[in-house]
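My notes follow the structure.

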Amino acid sequence: MPKVVDPVERRRELVGAVLRVVRRDGLEQASVRNVAREAGLSMGSLRHYFVSQSELMVFAFRTVIDRIEARLARLEPEPDPRRRAERVLAELLPLDDDRRAENEVWLAFTSRAMVDPSLRALRDEGYDALQAGCRAILADLSAAGLASTDVRAEAERLHAWLDGLAVHAAMRPDLYIADKLTAAITYHLDMLATEAAAAPRNRRPR
């Protein structure tokens, strides 16, 4: 009797193969042939699920975005705004193997999106989602007196800070270990609170 293959599970396995190839060999090596070999499948079997490399790349990029969003959605409710911000930021930085893999692949896809229109919409979606998340964090902190009332400007700064740490962590994972990234979160939130306390709070959040 032929083996019944769960198409959802098989697609998940193929995405895992894509991520491994991208991390090990670079995005340009994530061809249908190489991904099939990594997954232990024939090219014909892989094309049953993805007819082209572009379709496979889009699905893999979408999976990375979905993983991050799912992780954030699973966070337990936290009444303290400072602690809430710490937990969200920790999920967005490469503090463990899974998040390091996501970070490296995210940067590879983002770079490829500059020349690949099929990835550009997902890149922009991810960018906009992160920007909205930064604004939500800053609005929350600002309402608690833990950040400036200029929510828009502080969200831009937080977004740039996150992107910078992500790049540094991908370039020098030996230096940007989990403890250093966690300390960076603490420092940035302390700085926001100190600046807010020193500034007159006479403007409404924007």
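I began with the largest pocket of this predicted model. I noted a volume of about 620 Å³ for it. I then listed its lining, which holds 29 residues. Closest to the pocket centre are Ile68, Leu92, Trp106, Gly126 and Leu130.

Which elements give two or more residues to this lining? I found helix 4, helix 5 (81–92), helix 6, helix 7 and helix 8 (151–171). Helix 7 gives the most, with eight residues. I also sorted the lining by residue type: 17 are nonpolar, five polar and seven charged.

Next I looked up the largest nonpolar core. I counted 27 residues in it. Val18, Val35, Leu46, Leu56, Met57 and Phe109 touch the most other members. Helix 1 (7–25), helix 2 (32–39), helix 4 (53–73), helix 6 (97–112) and helix 7 (117–143) each give two or more residues to this core.

Leaving out residues up to four places away in sequence, Leu56 touches Val18, Val35, Leu46 and Phe50.

My last stop was Leu141, in helix 7. Is Leu141 buried or exposed? Its relative accessibility is 2%, so Leu141 counts as buried. Again leaving out residues up to four places away in sequence, I found that Leu141 touches Pro81, Arg82, Ala85, Leu146, Ala147, Leu189 and Leu192. Leu141 and Ala85 are 56 residues apart along the chain, and their C-alpha atoms are separated by 7.9 Å.

Terms used:
Residues numbered from 1 in each chain as written. Predicted model: local features only at pLDDT ≥ 70, side-chain atom pairs only at ≥ 80, totals over all residues. Heavy atoms only, no water. Core = buried A, V, L, I, M, F, W, Y, C linked by side-chain atoms within 4.5 Å. Buried < 20%, exposed > 50% of the residue type's maximum accessible area, 1.4 Å probe, protein only. Helix = DSSP H or I, 4+ residues; strand = E, 2+ residues; numbered from the N terminus. Contact = heavy atoms within 4.5 Å. 1 Å grid on protein atoms, 1.4 Å probe; cavity = no way out; pocket = protein on both sides within 12 Å on 5 of 7 lines; lining within 4 Å. Points joined across faces, edges and corners; volume = space filled by probe spheres on them. Nonpolar A, V, L, I, M, F, W, Y, C, P; charged D, E, K, R; others polar.
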